[in-house]
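Let's take a walk through this structure together. Have a look at the sequence and the fold first, and then we'll go from one spot to the next.

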Amino acid sequence: GDGTVRAVAEGMVGSGRTMGLVPVGTGNLLARNLDLPVGDARAALAVVIAGSDRPIDVGWVTVLRYADPAGPGDVEGTTLDPARAPGKEHIFLVIAGLGFDAAMVADADDELKAKVGWVAYFVAGIRHLHGRRMRARIQLDDSPPVDARLRSLMIGNCGRLPGGITLLPDAVIDDGVLDVAAVDTRGGVVGWAQLFGEVVMQGLGVRNDLPAKIGRIDHARARRVRVRVEEGEQAQVDGDVLGLAVEIETRVDPGALVVRTA
């Protein structure tokens with residue numbers, strides 16, 4: 001699964017050793033972006049044995065400040081989780097997100113995921129369609145920060161998701177930069193419908209740059225991204241939830257991980 005892939009990659013990054021993937025999890029995000037066999041352990045093992053080595057970039061995200069200054073705690077809210085302490089870097093191989101996408105991941109039901117796989121994330125997302133838009137201040141590399149109203153901000157190393165969705169059509173997994181998608185909708189269900197159409201069309205290579213859209217995705221590229229939001233928003237890395245973050249920073253580590261590909 002994606003969580004195990006992240007954990008192994010974090011231990012192997014920078015070592016020059018080759019990581020093989022046997023994708024049998026819910027999302028299998030990295031495997032999909034590397035065109036590896038998904039859900040077929042025998043075929044995946046054949047790639048591990050006889051495939052080719054490929055250096056890829058990895059992303060790192062640091063939560064500089066959580067909504068709770070003490071950081072996430074246990075059930076009683078009294079013990080800091082060292083794995084999610086402010087200032088710790090978290091690896092991501094596909095996409096880190098802040099806002100709607102992370103809230104959707106956080107609310108996905110584990111039992112439903114076991115039964116229907118990645119569809120459980122979309123079921124969870126329905127509950128957040130009418131949520132508030134977040135106020136964000138975004139800085140790309142050394143450019144001046146800009147203010148925006150958004151539903152979600154996603155920072156990706158590569159852009160393909162389950163269900164044939166391409167969120168970041170220009171993302172390349174070994175180009176040394178991160179791709180940023182600022183997602184926003186207005187107008188309720190109509191805005192979300194238009195946004196879904198935008199995602200489908202950009203996956204087919206068609207872009208609509210009309211300024212008056214009520215559901216839109218704006219794209220940018222950077223090696224480092226810093227984001228601050230009011231009150232705190234859920235943050236996630238490759239489907240693992242980090243908690244309610246007020247400020248995050250991401251960076252790219254070019255060619256830092258070697259993986260086995262077909």
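**Starting at R160**

Leaving aside neighbours within four places in sequence, R160 is in contact (heavy atoms within 4.5 Å) with R32, N33, D35, I165 and T166. Before going further, note that this is a predicted model, where local features need pLDDT of at least 70, side-chain atom pairs count only at pLDDT 80 or more, and totals for chains, interfaces and linings use all residues. Residues are numbered from 1 along each chain as its sequence is written, and side-chain values use heavy atoms, with hydrogens and water left out.

Back to R160, which sits in strand β8, residues 160–161. Helices (H or I, at least four residues) and strands (E, at least two) are DSSP runs, numbered from the N terminus. R160 is partly exposed, at 33% relative accessible area; buried means under 20%, exposed over 50%, and partly exposed in between, using a 1.4 Å probe and protein chains only. The side chains of R160 and D35 are joined by a polar contact of 2.9 Å. That term covers a pair of N or O atoms within 3.5 Å; within protein, one must be able to donate a hydrogen and the other to accept it, and residues adjacent in sequence count only if both atoms are side-chain atoms. R160 also has its C-alpha atom 9.6 Å from that of L34, though the two are 126 residues apart along the chain.

Now for the inside. In soluble globular proteins, nonpolar side chains tend to be buried together. The largest nonpolar core here has 30 residues, and M19, L21, L30, L93 and L257 touch the most other members. Such a core is a set of buried Ala, Val, Leu, Ile, Met, Phe, Trp, Tyr and Cys residues joined through side-chain atoms within 4.5 Å. Elements that each supply at least two residues of this core are α1 (2–12), α2 (29–33), β2 (52–66), β10 (178–185) and β13 (240–261). Take L21: setting aside neighbours within four places in sequence, L21 is in contact with V5, L30, A31, L36, A44, V48 and V259. There's a second, separate core too, with 25 residues, including V61, M134, V180 and L242.

What about charged pairs? The whole structure holds 15 salt bridges, each being a side-chain nitrogen of Lys or Arg within 4 Å of a carboxyl oxygen of Asp or Glu. In one of them, the side chains of R133 and D184 meet at 2.7 Å, N to O. This pair links distant parts of the chain, 51 residues apart: R133 is in the loop between α6 (119–126) and β5 (134–140), while D184 is in strand β10. R133 is partly exposed at 22% relative accessibility, whereas D184 is buried at 9%.

R221 is in strand β11 (residues 215–222), 42 residues away from D179. Here D179 is buried at 4%, and R221 is partly exposed at 46%.

Finally, E247 pairs with R228 in a salt bridge, with the closest N and O atoms 3.3 Å apart. E247 lies in strand β13 and R228 in strand β12 (residues 224–237), so the pair ties together parts 19 residues apart in sequence. Salt bridges that share partners join R226, R228, E247 and E249 into one network.
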